[in-house]
Every structure is written in structure tokens, then in C-alpha cells.
Amino acid sequence: MMAVPQFKTPEFSDIVEASQRLKGRAVRTPLVRSDVLDEVTGGRIFLKPECLQRTGSFKFRGAWNFISRLNAQDNSGGVVAYSSGNHAQGVAAAARMMGIPALIVMPEDAPAIKKRNTVALGAEIVTYDRFGENRETIGNAIASERSAQLVPPYEHPWIIAGQGTAGLELVEDLKEHGETLDTMLVCTGGGGLTAGVALTVQAMAPDAKIYACEPEGFDDYGRSLVAGERVSNEPGAMSICDAIVTPTPGELTFSVNQPRLSGGLAVSEDEVRTAVRFAFETLKLVVEPGGAVALAALLAGKVDCTGKTVAATLSGGNADAELMLDILGAS
């Protein structure tokens, strides 16, 4: 396995550079507005629907920014990644576009749609027990055996810079609407998207407040910000927000996010379900639970939006049909 240098902590200039690399590869997702959402919150709300991105989530951005930079020696054995599904699909798609093999280590209980889509993109899957095995250990071992390059889900400056292009587009499009961002809400797991967006917002809208949004029981970022150091979630807990369930904030991502975030917002499973239904019924968008936590925070009034310009990410839309039927069928 070739070791890709960590280089320095990512900066806004890295995001600008990544945006050029992603031109013609990633979808420039639009901003979405809703009069109903404005009325509910009292603010001017703009949503960034990365559920419309290639592979159905923002993860393609970081995957392409990383994989497209590898030279022939780096990727002679292809790439390996570990993921519950969205990073898996982003890596699989980017590898396919680069003409190299990809192997993804996925939990046995990953949503079926994410497994199917990953295989359809040409990747090989190796499953593991998320409660009894360590995905990092498995992924590193396979990468070493295959002389493949491991593509981390969030702990790398190239990944963070790629994810940050979503924030760059968002702020640029807000300015075209004549709006100045007051508050930014980001769906947060390991913190890669949050870090990229935070770097962008700090550079382009420095007065805006930024919040990490997480499901209750997996609000490690919010609790870490309060503690002033990284803390972990209780092992063995379950959530319908599989896309953003991580054990603890990344070391690199937390170093970027800690000085830039104003806090964390935790939402209940019922609030997430309400947000998924709202997205489907009112916005006409399919948003998976993990991609709906920022919207859930808005709808539940977790942050004051009155008279403010507020933006939020809808970070993914890869939800199993069975789960969507269960959520949408609930009264």
C-alpha cells in the first residue's frame, strides 16, 4: 500500500483548487427554497440537496478529489475504502471513472440499496460485523495485501477539500441571490463535509455561525465541542441515520472544526423522520435519514432563524425503499 502524504491542514485555497478538479465531474447541485419552510422557521432558508449529487451524496466530491490525484504507482493495486455506503459509492464511481479496481469494506447491516449501488458501480464488497470487527484494521490489511491505496472517508485534506466544494457552491449561489449567510447547518458524521464547509464559510461569510447537526446518541461532535476535546459515542447504539454514525470525531476534522463551529445540534429519531417526510412531501426530494438531520434541526426549532438567512445541507438520498415506506407511512 502506497502512503499518500497527509500534507498540511487543508485551507480554503485547497477547496478552490478542488472545485476546478471537480468541474465536469461532480454535479453543481442547486439551492432549494420553500415558502412553507420559511414560514415554519421565520427565516430565509436555502437547502443544498446533495441527494442530487452523483451517487446520491456529497461523498463523490471528496472521493474524486482524492483518487484523481493518485499517480500510477499509487493506484497500481486499485483503491480500498471502508464505508456504510455513501463513501463506498463515491469511491466506486471515482475509481470506475479512473479505470482502476475498487474494494469496499461494508458492514453486514448496511442498507441494501447502498450495497447494490456499490456493486453496480463495479466495486467488490467485503462485509464485516460492525459490533465485533474493526473496519480500519480490515481495510488496511486488504490494502496492504493488494498494494492498493486506502481512501479514508474523512481524515485527509484532499477529502475535506473535495467536500468543501459543496459549501463553495452554496455561498457563491447565495451571493447571486443577493443574500449574506447568517447561519449554516451541516449534517455531521466524521466531520469531513463539516470541515470543508466551515473553511469555506469562514473565508466567504466570516460572520456566519456554523453548527454540526447529529442524531441523538451519536452527537459526538456537539459533546466534543463542549468538552474541548474529542469524545466518543457509546458502543453498540443504533440509529436510522447510518450514513453519519461514527464512533468519534476525526482528529484532523476536529482540528479544523473546533475553532470554527458555534456548537452542535442533536435531533431525535422522530424529528429525523419528520424531516424525511417533509423533504418528500413538500420539497419533492428523497433524503435519507442521515442526510436529513440538518433539516430536522430547522423544523424542530433547534436554532433561531427569525429574520436570518440560513443554509443547510441535505447530504444524501440513498435510503432503502423499506425504510422510506416505514417513515412515509407513519402518521
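The largest nonpolar core comprises 37 residues, and those with the most contacts inside it are Leu47, Leu185, Val272, Leu283, Val293, Leu295 and Leu298. Two or more residues of this core come from each of β1 (44-49), β6 (183-187), β7 (209-215), β8 (263-267), α11 (269-283), α12 (293-299), β9 (309-314) and α13 (321-329). The model is predicted. Its largest pocket has a volume of about 1,000 Å³.

**Nonpolar cores**
- Leu283, one of the residues with the most contacts inside the largest core, touches Val32, Ser34, Leu47, Phe278, Leu295 and Leu314, leaving aside residues up to four places away in sequence.
- Another core lies apart from the largest one and has 33 residues, including Val201, Val256, Leu261 and Ala311.

**Largest pocket**
- The lining of the largest pocket consists of 50 residues, with Ser84, Arg130, Asp242, Val245 and Thr246 nearest the centre.
- Elements giving two or more residues to this lining are α4 (86-98), α6 (135-146) and α8 (192-204); α8 gives the most, with three residues.
- By residue class, the lining of the largest pocket holds 22 nonpolar, 19 polar and nine charged residues.

- Ser147, in the loop between α6 and β5 (149-150), has a phi near 55°, a positive value in a residue other than glycine.
- The relative accessible area of Ser147 is 38%, and the residue is partly exposed.
- Lys284, in the loop between α11 and α12, is not a glycine either, yet has a positive phi of about 65°.
- Lys284 is exposed because its relative accessible area is 64%, and exposed means over 50%.

Notes. Residues numbered from 1 in each chain as written. Predicted model: local features only at pLDDT ≥ 70, side-chain atom pairs only at ≥ 80, totals over all residues. Heavy atoms only, no water. Core = buried A, V, L, I, M, F, W, Y, C linked by side-chain atoms within 4.5 Å. Buried < 20%, exposed > 50% of the residue type's maximum accessible area, 1.4 Å probe, protein only. Helix = DSSP H or I, 4+ residues; strand = E, 2+ residues; numbered from the N terminus. Contact = heavy atoms within 4.5 Å. 1 Å grid on protein atoms, 1.4 Å probe; cavity = no way out; pocket = protein on both sides within 12 Å on 5 of 7 lines; lining within 4 Å. Points joined across faces, edges and corners; volume = space filled by probe spheres on them. Nonpolar A, V, L, I, M, F, W, Y, C, P; charged D, E, K, R; others polar.
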